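Work through each task with the sequence and the structure at hand before reading its solution.

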Amino acid sequence: MATRRFSLRSLDATYIALAWLIVVVCTNQLGFGIIVPVVPAFARSFGVSQALAGLVISVYGLGRLLFDLPMGGLAERWGRRTVIVTGEIITAVGSLLCGVAGEFWQLILFRFIAGIGAATVLTGAQVLLADITTPQTRAKIMNTYQGAFLCAVGIGPAVGGVIADTLGTRAPFFAFAFLSLAASVIALTRIPETRGNRVRAADAPPPPRMGETLAVLLRTRGFLLIGAVTFVSFFARTGALFNVVPIIGKDRIGLSASVVGLAISVASLMNFFTIPISTVLMGQWGRKGAILPGALLSGAAFAVFAFAFHAPVFFLGTILWGFGGGIGGAAPATYAADMAPRGANGVTMGIYLTLADAGYVVGPFLLGIIADRAGASAALLFTAVLFVLVAVPFALFAPETLHGKRNRPVATAPVIPSALD
């Protein structure tokens with residue numbers, strides 16, 4: 001199949017590429033959302049503890065963690081579209097196998113495979129987004145993508161709860177596999193290839209190598225601080241919202257899978273409806289103007305969940321999480337993309353997602369242990385405190401990147417430019 005050409009100079013081409021990317025990723029994330037309300041209960045059906053049930057979520061994150069950076073490099077070599085299509089196929093296979101798993105160790109293995117697929121899809125998508133945006137358009141376009149992403153994830157749990165109540169806890173995994181296969185076909189036929197769309201001057205240096213980019217970014221204060229904020233966000237989403245919160249809803253309050261799924265859907269849909277606020281905040285006060293209130297509201301949400309002994313308080317927590325996630329929106333990814341060295345979008349977004357997915361891995365298992373030993377409320381309060389611990393240093397020490405206030409780091413330089421220190 002011939003590769004469709006993409007031109008960054010064409011606004012129409014930019015929005016066509018964005019539209020098809022949204023269709024593909026939202027189809028995939030609808031499937032992911034469908035399994036959210038059933039994963040903890042399905043894992044515990046094998047007779048394991050809360051901590052081991054959390055491992056089923058953590059191992060999915062481990063697949064993402066180990067493959068984010070390699071897939072960022074492969075996106076530079078193979079192309080963005082090839083990586084996304086490959087990831088959708090791997091996700092479909094892993095999800096199908098989860099649905100037929102007969103033993104707990106099989107479920108762990110198959111979730112790891114599905115996590116590899118997720119790393120491949122989402123890294124390819126983030127690199128493509130970095131390709132088709134400029135510093136001036138990045139906030140708007142990434143927030144549009146993030147809003148659609150969250151809407152799909154938001155719808156999924158409500159659908160998954162109904163599927164599980166009607167057809168059993170294995171059925172949502174089969175639905176995820178089908179949707180991932182559908183997404184792979186759409187990606188193969190409709191997504192344009194964006195690798196190399198930026199024209200490089202004849203005297204410009206070649207794109208930096210992965211090691212050079214890694215060395216620069218891991219010595220850049222702003223990049224490390226946004227990595228910490230995103231680590232906690234992923235830690236909270238997968239460890240608390242997807243693991244501890246559903247158990248609170250089921251065991252403490254007595255809610256059905258459908259109602260728990262609806263509650264998580266409310267949170268994600270609130271993310272979606274508050275995305276425009278994020279765009280306004282970034283336009284008025286820069287990336288930090290959206291990142292900081294988003295992190296603090298998210299922390300408040302888990303403090304509320306910790307004391308949710310009745311359904312209204314439980315739903316209040318979901319609403320606060322919805323506002324926090326929506327206001328934060330795509331600001332962290334936008335901030336990370338701003339800091340990408342020239343010619344290193346793929347590697348930069350791979351490193352960023354690796355730091356984020358470290359939270360995906362640690363969160364479910366660690367919070368599961370805390371919940372087993374000290375109770376679910378202690379796990380959720382611990383999560384709330386983490387948001388404060390990363391928000392304060394980011395507020396004090398991270399530079400602003402909007403409107404060219406900070407230059408991109410140069411991966412071939414021996415030290416980081418002082419403007420980023």
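**Exercise 1.** Determine which residues of α6 meet which residues of α11, and describe how the two helices pack.

*Solution.* Begin with the contacts, that is, heavy atoms within 4.5 Å. A139, N143, Q146, G147 and L150 in α6 meet I275, S278, T279 and M282 in α11. Next, classify these residues: the contact of α6 with α11 divides into 4 nonpolar, 5 polar and no charged. In this scheme Ala, Val, Leu, Ile, Met, Phe, Trp, Tyr, Cys and Pro count as nonpolar, Asp, Glu, Lys and Arg as charged, and the others, Gly among them, as polar.

The model is predicted: local features need pLDDT of at least 70, side-chain atom pairs count only at pLDDT 80 or more, and totals for chains, interfaces and linings use all residues. Residues are numbered from 1 along each chain as its sequence is written, and side-chain values use heavy atoms, with hydrogens and water left out.

Now turn to the geometry. Two packed helices are described by the angle between their axes and the distance between the axes. Axes are lines fitted to C-alpha atoms, for helices over the stretch in contact, and angles run from 0 to 180 degrees between N-to-C directions. Helix α6 (residues 138–167) packs with helix α11 (residues 275–285) at an angle of about 160 degrees, the axes being 9 Å apart. The pair is therefore roughly antiparallel (under 35 degrees is roughly parallel, over 145 roughly antiparallel, 65 to 115 roughly perpendicular, the rest oblique).

**Exercise 2.** Carry out the analysis for α5 and α15, starting from the angle at which they pack.

*Solution.* Helix α5 (residues 104–132) and helix α15 (residues 345–374) have axes 9 Å apart and an angle of about 130 degrees. These two helices are therefore oblique to each other. The crossing of α5 past α15 is right-handed. On the α5 side the contact holds L122, T123, Q126, V127, A130 and D131, and on the α15 side N345, G346, M349, G350 and L353. By class, the residues of this contact are 5 nonpolar, 5 polar and 1 charged.

**Exercise 3.** Is I141 buried or exposed, and which residues does I141 contact beyond its neighbours in sequence?

*Solution.* First locate I141, which is found in helix α6. At 1% relative accessibility, I141 counts as buried (buried is under 20% relative accessible area, exposed over 50%, partly exposed in between, with a 1.4 Å probe and protein chains only). Leaving aside neighbours within four places in sequence, I141 is in contact with T14, Y15, L18, L129, I132 and T133. The C-alpha atoms of I141 and L129, 12 residues apart along the chain, are separated by 8.0 Å.

**Exercise 4.** State where S95 lies and what S95 touches.

*Solution.* S95 belongs to helix α4 (residues 80–100). Its relative accessible area is 2%, so S95 is buried. Not counting residues up to four places away in sequence, S95 touches A114, F173, F176 and A177.

**Exercise 5.** How many helices and strands does the chain have, and what percentage of its residues count as buried?

*Solution.* The secondary structure comes to 16 helices and 0 strands, where helices (H or I, at least four residues) and strands (E, at least two) are DSSP runs numbered from the N terminus. Of the 421 residues, 59% count as buried. Helix α14 (residues 331–338) is mostly covered, with 8 of its 8 residues buried.

Conventions
A crossing is left-handed if the near helix is turned anticlockwise from the far one by less than a right angle, and right-handed if clockwise.
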